[in-house]
Amino acid sequence: MSLDLTGLGNYTDEHKMELVRASLLSGKTLKLITVQPGIKSAATINALSSTDVWAAGACGFSAEGSTVLEQRTIAVSDIKKNESICLNDLEAKYTQIGMKAGSYNEELPFAQLYSDEIAGQTAKFIETLAWQGNTAGAGNMVLADGLVKIIDAEATVVTGTAKAMDAANIVDAVDEMIAAIPGDVVEGEDLRLFMGHSEYRIYTKALRDANLFHYDGQDGADFETYAPGTNVKVTAVGGLNGLARMFLMESANAHAGTDLLDDAESFRLFYSQDNDEVRLIQKMKIGFQVAFPARIVSN
């Protein structure tokens with residue numbers, strides 16, 4: 001992909017014009033779920049579960065309980081992004097005012113702003129990929145399978161509700177999701193009901209309209225609020241925007257795999273003397289998985 005300047009006229013007098021970086025939602029999901037580093041291609045999530053069987057006291061030994069060791073594979077995709085910018089193309093535009101004198105241009109005049117934009121776009125991409133990735137899909141989302149596809153493929157996932165996530169039904173839909181939590185999960189730590197921002201706004205408005213709670217100035221400040229009377233934190237994430245889906249689980253149950261934690265936050269922006277252009281190289285490995293599908297409730 002190259003720099004597109006077709007939306008700019010040739011330079012006249014635009015000294016007061018400033019580039020404004022697009023406002024993007026920061027990636028949130030990876031801050032909440034389990035991140036497993038050090039994966040070059042694939043690794044296992046090692047899970048242990050046991051049945052708790054007791055019996056009346058008596059002589060002898062009768063083994064009735066059992067412990068199961070399971071493994072689920074988390075595979076990472078090796079992905080990259082490359083861009084190039086010919087600095088000569090900037091000389092006829094208003095961007096010339098930030099360029100150094102002389103014909104040997106080697107510095108991008110808006111490098112910091114460009115870097116901030118790339119970082120924001122990367123955060124949004126990973127957030128969306130975490131949920132909506134589908135290797136059988138299209139566009140950027142084909143690079144890895146996300147949590148929606150992975151969870152939907154598991155037969156042991158609990159179905160919580162079939163109600164629409166609209167103003168008339170969303171409170172009942174959330175209540176049904178919570179009521180469907182398996183008994184051994186209901187006291188789990190950090191139980192979250194993930195949904196998109198639109199559905200979150202519909203839900204919190206429905207609660208306000210029903211006078212089920214009032215705001216203390218902090219509740220909902222980060223698109224998170226506890227469902228009244230429960231230990232479930234309703235959490236809006238950008239990756240579920242537009243899907244009308246909900247997933248209730250312990251945050252640690254969802255996993256993201258990567259090679260190096262810093263890869264998703266770094267890139268290389270440099271001047272290539274051989275090609276006489278500024279180049280961007282961004283590379284990372286990323287993949288997703290869940291450890292215990294039977295502990296997840298989905299609509």
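Q: Where does Thr 34 sit, which strand?
A: Thr 34 is in strand 1, which covers residues 34-36. Keep in mind that this is a predicted model.

Q: How far apart are Thr 34 and Ala 256, along the chain and in C-alpha distance?
A: They're 222 residues apart along the chain, yet their C-alpha atoms are separated by 6.2 Å.

Q: Okay, zooming out. How many helices and strands are there?
A: The chain has five helices and 13 strands. Of its 299 residues, 40% count as buried.

Q: What else pairs with strand 12?
A: Strand 4 (residues 77-85) runs antiparallel to strand 12 and is joined to it by nine bridges. One of the bridges puts Ile 85 with Val 278. Strand 11 (residues 268-272) is also antiparallel to strand 12, with five bridges, and Leu 269 stands opposite Leu 280 there.

Q: How many residues lie between strand 11 and strand 12, and what's up with Asp 276?
A: The two strands form a hairpin with four residues between them, and Asp 276 in the turn has a positive phi of about 50°.

Q: How much of strand 12 is buried?
A: Strand 12 (residues 277-290) is mostly covered, with 11 of its 14 residues buried.

Q: New topic: what's the strand order in the six-stranded open sheet?
A: The order is 5-13-9-6-8-7, and the pairing is mixed. Strand 5 (158-159) and strand 7 (224-226) are the edge strands, so to speak: each pairs on one side only.

Q: Which helix packs on that sheet?
A: Helix 5 does, touching strand 6 (191-195), strand 7 and strand 8, and its direction makes about 130° with that of strand 8.

Q: How do strand 6's two pairings run, parallel or antiparallel?
A: One of each. Strand 6 pairs with strand 8 in the parallel sense over five bridges, and with strand 9 in the antiparallel sense over four bridges. As examples, Leu 191 has Val 232 in strand 8 as a bridge partner, while Arg 192 has Met 249 in strand 9.

Q: Why call strand 6 largely enclosed?
A: Because five of its five residues are buried, the rest of the structure largely encloses it. Leu 191, Leu 193 and Met 195 point one way, Arg 192 and Phe 194 the other way, and all are buried.

Q: What does the side chain of Arg 192 meet at 2.9 Å?
A: The side chain of Thr 235, in a polar contact. Thr 235 is in strand 8 (residues 232-236), and it is buried, with a relative accessible area of 0%. A polar atom of the Thr 235 side chain also lies 3.3 Å from the backbone oxygen of Lys 233.

Q: Last one: at what angle do helix 4 and helix 5 pack?
A: Helix 4 (residues 170-179) and helix 5 (residues 197-209) pack at about 100°, with axes 9 Å apart. That makes the two roughly perpendicular. Helix 4 contributes Ile 170, Val 171 and Val 174, and helix 5 contributes Glu 199, Ile 202, Tyr 203, Ala 206 and Leu 207. By class, that contact has seven nonpolar, no polar and one charged residues.

Conventions
Residues are numbered from 1 along each chain as its sequence is written. This is a predicted model: local features need pLDDT of at least 70, side-chain atom pairs count only at pLDDT 80 or more; totals for chains, interfaces and linings use all residues. Side-chain values use heavy atoms; hydrogens and water are left out. Buried means under 20% relative accessible area, exposed over 50%, partly exposed in between (1.4 Å probe, protein chains only). A polar contact is a pair of N or O atoms within 3.5 Å; within protein, one must be able to donate a hydrogen and the other to accept it, and residues adjacent in sequence count only if both atoms are side-chain atoms. Axes are lines fitted to C-alpha atoms, for helices over the stretch in contact, and angles run from 0 to 180 degrees between N-to-C directions. Angles under 35 degrees count as roughly parallel, over 145 as roughly antiparallel, 65 to 115 as roughly perpendicular and the rest as oblique. Contact means heavy atoms within 4.5 Å. Ala, Val, Leu, Ile, Met, Phe, Trp, Tyr, Cys and Pro count as nonpolar, Asp, Glu, Lys and Arg as charged, and the others, Gly among them, as polar. Two strands pair if DSSP finds at least two bridges between them.
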